[in-house]
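Here is a short tour for anyone about to work with this model. Have a look at the structure first, then follow the points below.

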Amino acid sequence: MPLIEVSKLTKTYVNDEVETPVLHGVSFSIERGEFVAIMGPSGSGKSTLLHVMGFLDGYTSGSYRFEGQEASTYDGDATARIRNKKLGFIFQSFNLLPHASVYDNVLLPLHYSDVPESEWKKRTIDAVEIVGLTHRTKYDVTRLSGGEKQRVAIARALVCNPEVIFADEPTGNLDSKSGGAIMQTLQDLNEKHGHTIILITHETYTAEHARRIIRIKDGLIESDTKVAERRHTNGGLLTK
Amino acid sequence: MRFKHSIKTAYRGLEQNRARSFLTILGIVIGVTAIILVMSLGQGAQALILDQVKGMGTRTIIVGGGREPKGPSDAGQIFNDSLKKRDLDLLLRRENTPSVKYVMPIVFGASGASYQSDTFNLTIFGASPLMEKIFDMPLKSGTFFTEEDIRGRAKYVVIGNKVKTELFGADEAVGSVIKMKNHNFRVIGVFAERGQDFFNFDEAAIIPYTTAQDYVLGIKHFNRFITEAASEAQINDAADEIKLTLRESHNITDPDKDDFFVITQVDLAGRLSSITSVLTIFLAAVAAISLIVGGIGIMNIMLVSVTERTKEIGLRKALGATYKNILTQFLLEAVILTGLGGIIGILLGAFFSWAIATGITKFTSIAWTFSFPVSAAILGLGVSGAIGLIFGLYPARTAARKSPIDALRYE
């Protein structure tokens, strides 16, 4: 059973009775442990696809099965639980809580989880260590550089030990050096820790860190190919 | 989501906008301060009045001429002349009023009193020697006048402590002559200081009632009869006997047409305390309006805060926060805001009423006691918390209903 199975999925935004179709029927599946990049120009529907897969948004027709169960059968609280337990998110604009420490930011998802409070500290410290920010644990996140902020976001995505990590243009706001380091970190998480990673990007350069690239254009799948020669960057941050 | 964390999160949300949070709760602070102040002063006033009424003696029954004054429109009743000498004689007859121990007629009026170059405005009471017994008024020096002086219309006066100080200073007053309404009165006694009481005897001069009627006030009637029941158990009997005697004397068959009124000390205490209660409640209600206005302010600011933090709400939802989590967070913020306002208001209200009580005791002779209105404090805290809940609900629901993706995209 694939982890994610998308079939003839369509999504149409309705705003003031104006219908804007975004996805016109896409089908693919993703197995556990894959590292997939979804590519496409802006407006192609790739972000919408990620939001649907991430239980952040609904879909209009077709089917989306996560771990074999149809997503539309979950109610609001159940989707919140799935997002908390099984999914991790990394956003282009980091989306950290301002004026809070690295520790508090990474800890945040645990507050909404059923992980016993006695484990919170260890989990948080471990996640911060994985992204190599132990020396910044008590820093206010507003004092960090862009690359460091994104690493905090990665640690936050990891702290509940999710099945899938969704990364939406994670290097979009970073210079190429820290962007490379972030990509290498994701690669290591996939290879060494076995996390399934779904990456959204519009840069071929970034996408080639993945094992598989799904190209989307105008709401339809254009191509779905294995990456022949994966790109690796120096400066991965994994410490273990 | 743990409650402890919710509180911490809410607190952090408020801390980020400290000045705004403070301004927001100002309405609640003022409202609660006002309520505590009004309630505390109301309690103090009530305690003071009850204390003074109790100082009259529990067995005291007051009889007045005319209808009982129940409001400003009855003010004229104070000049009613229905109580006559005949009534006094009938009341003094043992067979008419077996339950009544003492009957003392009283007349009163305002007058200036002068000694040498000093003048003082006081109240003249025309009374009888029973005064000492009914009101328990020990003399500091001198003696009280006698029944003999009543019959002889003696121009003797017993003065209150303040009158003595104002006119004579440290000098001996007994034996001196003071002038009131163009008549010379010999001071034969000075009362010990009583402090603020119901009749304000410290600023009064007591003369024989006959003298007062004939020489000073020029009236034939009495303003009041101050009577005392033989025992506390006989107060109601005594009051009934007085009413029957007076109705017979005035040829009244319908009790609704009484041209006099009878009030026991218990009645008086009850009436006065119900007046202060009503006043207190009315003022507190006015103060409560500012709480509602404060609540609307809270709602307004919470809505702004929800909009401002749309992105944060989206993030929390993406990380697994449920509808309930977000609702709780924003409700708690509102309740913490108003609760904080309530606590500050209670402290301020208590402080101001304490300051006022201290000021009154220090600068006047009124024995005002500060009392912290515990029930009002609990009520104030409860009401401000409830206002947070009620006015926080709409903004909190707005926050909790946001779709995570719309919220995340919000710029």
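Domain bounds here come from an automatic or database domain assignment. On that basis, chain B is divided into domain 1 (3-52 + 270-409) and domain 2 (81-258). Please keep in mind that this is a predicted model.

- The C-alpha centres of domain 1 and domain 2 of chain B are 53 Å apart.
- Helix α12 of chain B covers residues 374-401, which makes 28 residues.
- Where does α12(B) have its kink? The kink, of about 45°, is found at L393(B), shortly before the proline P395(B).

**The four-stranded sheet of chain A**

- Four strands of chain A make an open sheet in the order β2-β1-β4-β5, and their pairing is antiparallel. At its edges are β2 and β5 (69-70), each of which pairs on one side only.
- Strand β1 (residues 4-15) and strand β2 (residues 18-30) of chain A run antiparallel and are joined by ten bridges. I4(A) has I30(A) in β2(A) as its bridge partner, while N15(A) stands opposite V18(A).
- β1(A) and β2(A) form a hairpin, with two residues between the strands. In the turn, D16(A) has a positive phi of about 50°.
- β1(A) is also joined to strand β4 (residues 61-66) of chain A, by five bridges, and this pair runs antiparallel. Here T10(A) stands opposite S61(A) in β4(A).

**The six-stranded sheet of chain A**

- A further open sheet in chain A has six strands in the order β6-β7-β8-β3-β9-β10, with mixed pairing.
- The partner of β6(A) is strand β7 (residues 164-168) of chain A; the two run parallel and are joined by four bridges. Within this pair, F89(A) stands opposite F166(A) in β7(A).
- As a reminder, strands of a sheet pair through backbone hydrogen bonds, either parallel or antiparallel.

**Where chains A and B meet**

- On the chain A side, 19 residues are in contact with 17 residues of chain B.
- Which helices of chain A each supply at least two residues of the side that touches chain B? They are α2 (76-85) and α3 (102-111).
- α2(A) gives the largest share of that side, with six residues.
- By type, the residues of chain A on this side are seven nonpolar, seven polar and five charged.

How values were computed:
Residues numbered from 1 in each chain as written. Chains lettered and ligands numbered in written order. Predicted model: local features only at pLDDT ≥ 70, side-chain atom pairs only at ≥ 80, totals over all residues. Pairing = 2+ DSSP bridges. Expected span 1.5 Å × (residues − 1). Bend = angle between axes of the 7 residues up to and from the residue. Contact = placed C-beta atoms within 7 Å. Nonpolar A, V, L, I, M, F, W, Y, C, P; charged D, E, K, R; others polar.
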